[in-house]
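Subject: the model, plus my notes

Hi,

Here is the structure I said I would pass on.

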Amino acid sequence: MTDSAIADLPDDSHHPTSFVSKYIWSQDHKVIAIQYAATAIFVGLVALVLSGMMRLQLGFPDQFAFIDPSAYLQFVTMHGMIMVIYLLTALLLGGFGNYLIPLMLGARDMVFPYLNMLSYWTYLLSVIVLLASFFVPGGATGAGWTLYPPQAILPGTPGNDVGILMMLISLAIFIVAFTMGGLNYVTTILQARAKGMTLMRMPLSIWGIFIASILGLLAFPALLVSAIMMLMDRLAGTSFFMPALLSLGEQMEYGGGSPVLFQHLFWFFGHPEVYIVALPAFGMVSDVIATHARKNIFGYRMRVWAIVAIGGLSFVVWAHHMYVSGMNPYFGFFFATTTLIIAVPTALKVYNWVLTLWRGNIHMTVPMMFAIGFIFTFTHGGLTGLFLGNVVVDLPLSDTYFVVGHFHMVMGVSPIMVLFAAIYHWFPKITGRFLDSGMGKLHFWITFLGTYSIYLPMHYLGFLGVPRRYFAMGPTEFIPESAQSLNAGITVSALIVGLAQLIFIVNLIWSTFKGKRAGDNPWEATTLEWQTATTPPGHGNWGAELPVVYRWAYDYSVPGVKADFIPQNCPPSAVEMAAAEGGELDDNKGPYNEPTA
Amino acid sequence: MAIAIVILLLVIGSLVFHFTSPWWFTPLASNWGTIDDTIEITFWITGIVFVAVNLFLAYVVYRYRFHKHRRADYEPENKKLENWLFVGTTLGVAAMLAPGLFVWAKFVNVPEDAQQFEALGQQWHWSFRLPGEDGVLGETSAELIDDNNPFGINPDDPTGLDDVLISSNEMHIPVDQPVKVMLRSKDVLHNFAVPQFRVKMDLVPGIVSYLWFTPTRLGRFELLCLELCGMAHYTMRGHIVVDTAEDYQAWLAKQQTFAEILNAPVGDPQLGQQVYASCAACHGAQGEGNEMLNSPRLAGQGARYIERQLGYFKDGVRGRHEKDSYGMQMAAMAAGLSAANIRDVSAYIASLQAPVTVAAAGAASDEGRQLYRNCAYCHGEWGQGKAAQNAPALAGQQPAYFKRQINNFQQQIRGAHQQDIFGRQMLLMSRLLQSEQAVDAVAAYLHALPVVQRGEPLAHMRASAQDGGDLDD
Amino acid sequence: MNLLHKLAEKPWLAQTEGGDAALLEDSGPRLPAKTALKFFIAVVSVIFFLFTITFLSRSQYPDFQALAGEPWLPLSNTGQLWFNSALLVLASAGLELARRQAGRQPLGAVVLALGAAAVCSVGFVIGQYLVWLQLSDRGYTVSANPANSYFYLLTAIHALHLLGGLFALTRLIYRFAERPNLASLQQNIGLCALYWHYLLLLWLFLFALLVAPAETYRAIAAFCGL
């Protein structure tokens, strides 16, 4: 009974008193969630600026003296790594995982609040080490976000000296932080659920976070292992990944290692990583859609099974990133098959979102707009994945802009859409105020249409054969001049979308202080986090008594009940009584609080 | 409401974009039409799903938009519907996968009659090797690679002696003949990709990977490196020329075997000294160059580079462009040289050790050094040049000559000729110096660099620079 | 299976008042620390599993020189390693003893067993370091051969995990000294014991792996299709 005490103790214990213990060294999962989210959003903005600079070079080559090939590759590398790991993983699990798990499950906090705090500070350290690598001699690593050896640690690649060391060390620290967080999330979900909250009554957000945390715990070790081995190759002169080779004409001391082995390890982490990001996003968007369509989620059990199945399958598809890596080509048969199998549960999820909307009563709120935008972009990104997963179709397309278009659609835009949906949806709980819906709609339209106009054309550059990771195409015989105009157009869209994110930042700041006040349950949602006594929830979340759960998370528009939602903690007797009297279930104020225009 | 219309418009817009896009696969030039067919199938299936799902989404969003008196249905699941969707999706996926695996089986199994050749990658260009008359590629190893044996062929292996070596970025192959390309790398990962052939594969140091195709169309196709291989990845280009059988044989007859290269005559500096007598008037007795006469410094330059450039001048690869008046002068001078003359004089020039007459010690600006960092990968930290990278020495070079050559590369006056195999890279790299000021800064920096004498250890340079303090890196 | 049964539930079915199975069942005592430790052990196992796979695949490259198998190879003499193993066995046994005694008064035996376990663990780490010194003295340095690299790497990572455990054990003893709480002591010693047993098994596995002759690697690699 040491660290885990708070989950079981009554509410009046452990109240932090000073500002520092309340907001800085906080052990409250809600504060930690906000710390995680703020750090992740900050570092994400850095990565956004980096992508803007890359686009400037691609759209208008030879115009910007400060972008040379070395700097360009450094921007590419840092942009990719920050977005995938330090933004998406941290924001979805560290941010939303932390905020939602105890609240949605009816717990007072995570089971290990101290470990939780440590997890955030370790994450912050990894971010600082990562960003510091820009300022070391030689600059940040420019090896591409996949950090493939041998080139990652050889001269000829920018940042091969200190930059790559900082990157590997930062990743190792991040993995330690994630492991502390992940153990916490998994244990809390397994052991701190409120009375009556069976596994199948958990909201899909929690299912997504749960399976993603397990995937993270089992997949990040592969990245750690490869980082340690590459560090040894770089520092101790071992030859894990380094065969006998030259570098820029000089013989090196290495011998016998296998660069492809690194790729296997990297993608054994890298593919589950896609689902570490996708599964929480799938879950949260399901909850947003159900709430704002006032309809139960369609095929709940199928969705849970699909999440579990996708989680399991994600460990046996990794080499579809390596069809042209020089590995044994016979692997192609196996990995193409498993990859296309994983498409089936993923497709079912898409159908189920649309079928949830079907015959619903769709409130076109800002979160709902982002959720619908997500369905569109995810459908697009998922379908282009079928090109790359099918081994022969990958041959002409791999390493071209088609790949860039695909993974930005499926792993960039889609999770970001969900993140925005989630932020607009849960902001009233976090702060007690709505985000401004006018700014929100403007933000949505620019982001949704802008990103599509960025990434759709990229696929066509890929068909043409335009290579990714090229600083400049220069004159070529097979690429028409018009491709450059297309590139310039993409850049203009990208800059507009990038700038539009300022609207969101302004909205966040403005609404935190001046936004329209929201009640405890402004969206009239069923899940537990909306049933807290105060908004934002106080320390310990639930006041004197923990909630008791009587039903699943999706009792919207239940026949025979006048109110169109029944909270999870509403006992059957209350429903029966209300039905018998023909009256209202509780203080349901009729029309929606945030109706559409 | 608005969003339903927008989704409808996006679906229509995507289809219009797709069908009117001028950006599409380059015309096929190999046997891999089956890959294009698989893509076609994938396109139809995914396209239909894309349109169907999103049109349905738009309809649903419109039809079930918020209405005060509407109440949503309550339907936790519908097993029948879910099963149908499951079966339909599985069938669609299988319809894409099955032909894909079928074609992949063809890719994995190379036809018996395929001819082999090797593509060897290094940062940042290509070279090629043919098995020669015995049809067997000789043994190689990375440890054997040096300036005199850039392919790392084992000289004791008799099957390697007749291997035909092509140290150019351009490779020829005969049309309608299946070829198996053996892929080998000296340093880091690269990727062999010709968009018109559709297939590609990584080059991995330590192993030999392969791919195969049958070229079906005559032409000159651009070869790209598609695996990130360092700073100048984007300049790692080459060409695959598909010839008729006769043209191919004519080309092949001109190439040298490993044995021929090993036994090639070596330049004689003493004979070269006599040849140099006519050069000395402009380039100086010690090869120090003469700014007044627009003749560059030659001392400090390696024999290979001099030999290659003299060959270019003689063969009209360099010094033919009307805007290159000084080059035209040089071309006239080189026209009279025999192959043996060129060899000898190059050997002599490589032995010259003219001191640098630098007035401006400390002229090396930070800006110049910063801009030079991308050049240093090939031309060397001290501008000493690297034979392995086919990069000339730049240290001590006259600013005027340097600036003129950068300008020539930028204007495609130099380097654009198809046979200028390494100059092509400079077309792209020279663009990094975007302003006159930048070119000036690098020129001044290089001019002030101490010239490395051949054989002098670089460590010594670093130490003396640190003592001086003005050239630290 | 229970879990499959749970996943097949139809959670939307209405429950009657008092008839809700979810509210009736007793969830039993909650031991979050133990659950977390089990997951942590799973994470560590994945790390070592991946190291092992790469080791086996690397062992089939021609430059790999196994450290044992022929009489002149350094790890053919396993004396020091057996001694280290014995220390780790003692440490594990000490913790097991402490775990069983923890509920009873007086605490003398517990303290003794814990101390012995800690000392043996430190001894194990020092012993491993001595093996390193012996190896590098004989020229088997970390970068000389991939087999050496793996030996240093795997023993180092294992020792790091043990040191982490020692940190937790020390903290536990310190906190108990500050504020004696028998129930908490008993539970936490249980956790330490579980972790030590795991590290012992892991070490025995690594031991067997690292001192195997080249033929064994070949056989395993062939079996795994590497």
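Housekeeping first. Residues are numbered from 1 along each chain as its sequence is written, while chains are lettered from A and ligands numbered from 1 in the order in which they are written. This is a predicted model, where local features need pLDDT of at least 70, side-chain atom pairs count only at pLDDT 80 or more, and totals for chains, interfaces and linings use all residues.

**Confidence**

Two residues are in contact if their C-beta atoms, placed from the backbone, lie within 7 Å. Residues 586–597 of chain A are also below 50, with 14 contacts beyond near neighbours in sequence. Where pLDDT is low, the predicted coordinates should not be read in detail.

**Where the chains meet**

On the chain B side, 96 residues are in contact with 104 residues of chain A. The elements of chain B that give two or more residues to this side include helix H1 (2–20), helix H2 (33–63), helix H3 (79–108) and strand S9 (219–225). Helices and strands here are DSSP runs numbered from the N terminus (helices are H or I with at least four residues, strands E with at least two). H3(B) provides the largest share, 14 residues. By class, the chain B side divides into 55 nonpolar, 22 polar and 19 charged residues. For these classes, Ala, Val, Leu, Ile, Met, Phe, Trp, Tyr, Cys and Pro count as nonpolar, Asp, Glu, Lys and Arg as charged, and the others, Gly among them, as polar.

**Helix packing in chain A**

Helix H7 (residues 204–235) and helix H8 (residues 259–293) of chain A have axes that come within 8 Å and cross at roughly 160°. Axes are lines fitted to C-alpha atoms, for helices over the stretch in contact, and angles run from 0 to 180 degrees between N-to-C directions. H7(A) and H8(A) are therefore roughly antiparallel to each other; the cut-offs are under 35 degrees for roughly parallel, over 145 for roughly antiparallel, 65 to 115 for roughly perpendicular, and the rest oblique. Their crossing is left-handed, meaning that the near helix is turned anticlockwise from the far one by less than a right angle (clockwise would be right-handed). The contact of H7(A) with H8(A) has 25 nonpolar, six polar and two charged residues.

H7(A) also meets helix H4 (residues 69–105) of chain A: the axes come within 10 Å and cross at roughly 130°. That makes H4(A) oblique to H7(A), and this crossing is left-handed. Among the residues making the contact are A:Leu93, A:Gly97 and A:Leu100 of H4(A), and A:Ile206, A:Ile209 and A:Gly216 of H7(A). The contact of H4(A) with H7(A) has eight nonpolar, four polar and no charged residues.

Then there are helix H9 (residues 300–313) and helix H10 (residues 331–357) of chain A, packed at about 155° with their axes 10 Å apart. That makes H9(A) roughly antiparallel to H10(A), and the crossing is left-handed.

A cis peptide bond joins A:Thr535 and A:Pro536, with omega about -5°. A:Pro536 sits in the loop between helix H15 (482–514) and helix H16 (572–581) of chain A. The loop between H15 and H16 of chain A also holds A:Asn541, which has a positive phi of about 70° although it is not a glycine. A:Asn541 counts as buried, with 24 C-beta neighbours inside 10 Å. For burial, the cut-offs are 20 or more other C-beta atoms within 10 Å for buried, 12 or fewer for exposed, and in between for partly exposed, with C-beta atoms placed from the backbone. A:Ser557 lies in the loop between H15 and H16 of chain A, has phi near 50°, and is buried with 23 other C-beta atoms within 10 Å.

In chain B, the peptide bond from B:Gln123 to B:Trp124 is cis, with omega near 0°. B:Trp124 is in the loop between strand S1 (115–122) and strand S2 (125–130) of chain B.

**That histidine**

B:His239 is in strand S10 (residues 237–243) of chain B and counts as buried, with 20 C-beta neighbours inside 10 Å. Leaving aside neighbours within four places in sequence, its contacts include B:Glu170, B:Arg220 and B:Glu222.

Cheers

Definitions and conventions:
pLDDT is the predictor's confidence in each residue, from 0 to 100.
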